[in-house]
Amino acid sequence: MYDFKEKGSLGKKISILCIVLILMVLGVTNFVKDEKVLIIEDVDHPMKTELYLPDGEFTLGYIHSVLLTPAEEYFSVADNNQLKLYKTIYESFGVGLPYSQEKWDFDIKDGKFILKIQRVTDVIHLRVSPIPKHWVSIGKDRYELIDLVKVPEDLVKIYVVDQWGFKIRKKFIKLF
């Protein structure tokens, strides 16, 4: 004899399983994201550093070799992963510091010179040296470029890629 109560029970179990699977898929897709990642590649030696860009922005800084003052270049990342230099902040005028006859906005705040620039590039090539103490800042984190190359004076290539991964709180774990 066929028991209709068992059929109803199986139907409920299948319905509950479907609901749980749908909730899991929705939950995972909220955490799996395509994120911008800054790549700092040592061209002279096969080394790459990947830095997650939670806000799609980073700062490239250095100490000017003659004036011994810091200079910082502020970049944002476009959807096509181009790097947009939008601002430079430095503390003194001198040889090798930003200057142009283009009509850029210029301001002085807290004793620092702020130049609002509009330049776009796909990649930044930079020869790392201990003298200017090159660094990259992302949010409150600062990374010394000399620590990201095998040998001082190596050439680095800085660019951005998209990576899929899990975003859990403020940490990004790449999938592949």
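1. At 25% relative accessibility, Tyr-86 counts as partly exposed; the classes used here are buried for under 20% relative accessible area, exposed for over 50%, and partly exposed in between, with a 1.4 Å probe and protein chains only. The model is a predicted one, in which local features need pLDDT of at least 70 and side-chain atom pairs count only at pLDDT 80 or more, whereas totals for chains, interfaces and linings use all residues. Residues are numbered from 1 along each chain as its sequence is written, and side-chain values use heavy atoms, with hydrogens and water left out.

2. Three aromatic pairs are present in the structure. Rings of Phe, Tyr and Trp (for Trp, the six-membered ring) pair if their centres lie within 6.5 Å; planes under 30 degrees apart count as stacked, over 60 as edge-to-face, and the rest as tilted. Phe-58 and Phe-75 are stacked, at 5.0 Å centre to centre and with 10° between the planes. This pair links distant parts of the chain, since Phe-58 belongs to strand β3 (residues 57–63) and Phe-75 to strand β4 (residues 70–77), 17 residues apart. Helices (H or I, at least four residues) and strands (E, at least two) are DSSP runs, numbered from the N terminus. Both Phe-58 and Phe-75 are buried.

3. The pair of Tyr-74 and Tyr-86 is tilted, because the ring centres are 6.4 Å apart and the planes stand at 55°. Tyr-74 in strand β4 and Tyr-86 in strand β5 (residues 83–90) are twelve residues apart, and this pair too links distant parts of the chain. Tyr-74 has a relative accessible area of 17%, so this residue is buried.

4. Two charged side chains deserve mention. A charge sits over a ring if NZ of Lys or CZ of Arg is within 6 Å of the ring centre and within 35 degrees of the ring normal. Lys-87 lies over the face of Tyr-74, 4.6 Å from the ring centre, and the charged end of Arg-142 sits over the ring of Trp-135, 3.8 Å from its centre.

5. Ser-137 is located in strand β9 (residues 135–138). Its relative accessible area is 13%, and Ser-137 is therefore buried. Apart from neighbours within four places in sequence, Ser-137 is in contact (heavy atoms within 4.5 Å) with Phe-58, Thr-59 and Arg-142.

6. The largest nonpolar core has 28 residues, and those with the most contacts inside it are Leu-38, Ile-40, Phe-58, Leu-60, Val-136 and Leu-145. Such a core is a set of buried Ala, Val, Leu, Ile, Met, Phe, Trp, Tyr and Cys residues joined through side-chain atoms within 4.5 Å. Ile-40 has contacts beyond four places in sequence that include Met-47, Val-136, Leu-145 and Ile-158.

7. Val-123 lies in the loop between β7 and β8 and, with a relative accessible area of 26%, is partly exposed. Val-123 and Lys-157 are 34 residues apart in sequence but 6.6 Å apart in space, C-alpha to C-alpha.

8. Seven strands form an open, antiparallel sheet in the order β6-β7-β5-β4-β3-β9-β10; two strands pair if DSSP finds at least two bridges between them. The edges are β6 (105–109) and β10 (141–144), each with a single partner strand, so one side of each is left without a neighbour in the sheet. The antiparallel pairing of β6 and β7 runs over five bridges, and Ile-108 stands opposite Phe-113 in β7.
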